[in-house]
Amino acid sequence: MKIAMIGTGYVGLVSGVCFAEFGFSVTCVDKNPAIVKRLQAGEVTIFEPGLDELLTRNARDGRLTFTTELAETVADADVIFVAVGTPSRRGDGEADLQYIHAAADEIAAAMKPNAVVVIKSTVVVGTNADVRDRIARARPGVPFSMVSNPEFLREGSAVEDFLRPDRVVVGVHDDAGAAAMKRVYRPLYLRETPMIVTTLENAEIIKYAANAFLAMKVTFINEVADLCEKSGGNVQDVARAIGMDNRIGSKFLHAGPGFGGSCFPKDTRAYAATGRKMNAPQTLIEQVVTVNEQRKRSMAERIVEAARRSGTKSVAVLGIAFKPNTDDIRESPALDIIPALQNAGLAVRAHDPEARSAAEPVLPGVTWCKSAYDAVEGAGITVLLTEWNAYRSLNLKKVSQLMGGKILFDLRNVFNDQELEGSGLEYHSVGRP
Ligand code: NAD
């Protein structure tokens with residue numbers, strides 16, 4: 001079975017590499033020649049733990065190739081996955097489906113009869129049926145199957161998530177599509193991974209509802225943190241106890257500066273926009289979007305206020321990526337907080353283990369530093385924004401000695417009293433005394 005993977009971003013590259021690891025012959029296509037050139041040279045274009053080794057091995061063994069030639073790849077493929085971006089449309093928050101439509105048109109022009117077209121990108125309900133009709137109009141009389149196969153991997157643990165998912169969701173409209181997905185995911189099936197075979201519409205809604213729910217959980221605990229701050233509570237103790245209830249679960253109950261990333265912000269906006277459009281208002285998620293945006297602003301205000309109070313002019317920011325173990329900075333809280341600090345007249349020194357090259361062009365005026373210790377040197381305030389392991393093990397006495405001032409904002413609740421002892425730092429965390 002030959003697989004074509006259209007789009008070699010975070011989802012496409014990881015999926016393509018892992019399908020090759022399953023033993024299939026995979027050709028990954030991207031329209032960006034610079035990305036393809038690097039991949040052809042064996043260079044991994046995103047930072048993702050474990051990906052490097054799998055990519056090298058499968059490319060060497062001849063199961064994995066990279067190209068910009070969509071038509072000839074698709075013409076030879078039995079299963080064609082689409083993993084292009086579905087960003088927010090400017091203004092209304094709806095998902096921008098232009099890349100999906102462009103890929104669908106190119107696939108329609110080139111696919112062979114009985115091909116299986118699978119949308120892996122996150123798309124709003126109705127998109128798979130629309131794409132199916134679009135392809136059918138372009139190639140009347142040519143049989144093909146349409147499948148929705150939303151992806152649930154998390155950046156930072158994407159390979160592990162792909163190889164050991166909680167479940168695989170496939171939406172189908174015919175038996176051939178379902179049979180193809182069972183073959184493609186057979187190695188997971190053998191490991192007893194549940195496979196949900198459902199309708200195209202259900203698969204689309206499952207993906208958005210899952211992300212909306214998780215984003216809501218994060219926003220919920222952030223508001224609990226606010227209450228803890230006002231009342232003397234400790235959000236970590238509260239989260240731990242409520243998370244022990246199986247009906248709630250302990251994951252996504254970490255208070256912080258507001259969620260960011262390539263999925264939650266755009267997916268909650270798109271989900272809310274779909275609800276409005278279909279006259280099924282998703283009022284909870286509308287609120288989640290608003291509260292989360294406000295939260296990032298309020299975090300910046302806290303830091304600016306502390307700078308005013310202490311007469312500080314410079315801030316060190318540790319962590320730019322939206323979470324650890326990725327170089328992805330899309331909608332990272334840092335992209336809101338750093339410009340807000342600069343607008344308040346503060347100079348920003350920053351460090352991130354992997355995200356600097358992505359961040360540098362979009363954060364002008366920042367002084368980039370080689371290490372966390374380098375970044376905090378002379379700074380009046382240090383802000384920990386991403387909980388990279390390298391920051392967890394910082395020696396806070398040394399941090400304090402290097403800094404010009406003594407204020408530490410730990411917006412990920414990483415440090416504890418023991419680590420702070422003797423550092424002389426004025427410590428602010430989220431929702432803890
Ligand atoms: P990305 O922006 O990292 O990658 C998309 C790639 O597609 C780019 O390299 C782009 O050049 C390429 N592309 C666009 N149009 C193309 C075309 N016509 N032909 C060939 N290549 C084309 O995106 P991503 O983060 O991998 O996300 C892809 C989809 O998966 C989105 O819908 C996203 O919501 C969803 N998703 C992402 C994650 C995640 O953690 N990133 C997780 C689950 C689902």
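Predicted model: local features only at pLDDT ≥ 70, side-chain atom pairs only at ≥ 80, totals over all residues.
## Who surrounds the ligand

Let's start with the ligand itself. There are 25 residues around the ligand, and those that come nearest are V11, D30, T86, E155 and K266. By type, the shell holds ten nonpolar residues, seven polar ones and eight charged ones.

In the side chain of D30, an N or O atom is 2.6 Å from a ligand oxygen. The side chain of R330 also takes part, with an N or O atom 2.8 Å from an oxygen atom of the ligand. On its own the ligand has 840 Å² of accessible area, and the protein covers 89% of that.

## A look at D328

Now to D328, which you can find in the loop between β9 (314-318) and α14 (333-343). Is D328 buried or exposed? Its relative accessibility is 3%, so D328 counts as buried, the cut-off being under 20%.

The side chain of D328 reaches the backbone nitrogen of R330 at 3.0 Å, and R330 is the residue whose side chain has an atom 2.8 Å from a ligand oxygen. Setting aside neighbours within four places in sequence, D328 is in contact with Y10, E155, S262, A321 and F322.

Terms used:
Residues numbered from 1 in each chain as written. Heavy atoms only, no water. Near = heavy atom within 4 Å. Polar contact = N/O pair within 3.5 Å; in protein donor to acceptor, adjacent residues only side chain to side chain. Areas by Shrake-Rupley, 256 points an atom, 1.4 Å probe, with all protein chains shown as cover. Nonpolar A, V, L, I, M, F, W, Y, C, P; charged D, E, K, R; others polar. Helix = DSSP H or I, 4+ residues; strand = E, 2+ residues; numbered from the N terminus. Buried < 20%, exposed > 50% of the residue type's maximum accessible area, 1.4 Å probe, protein only. Contact = heavy atoms within 4.5 Å.
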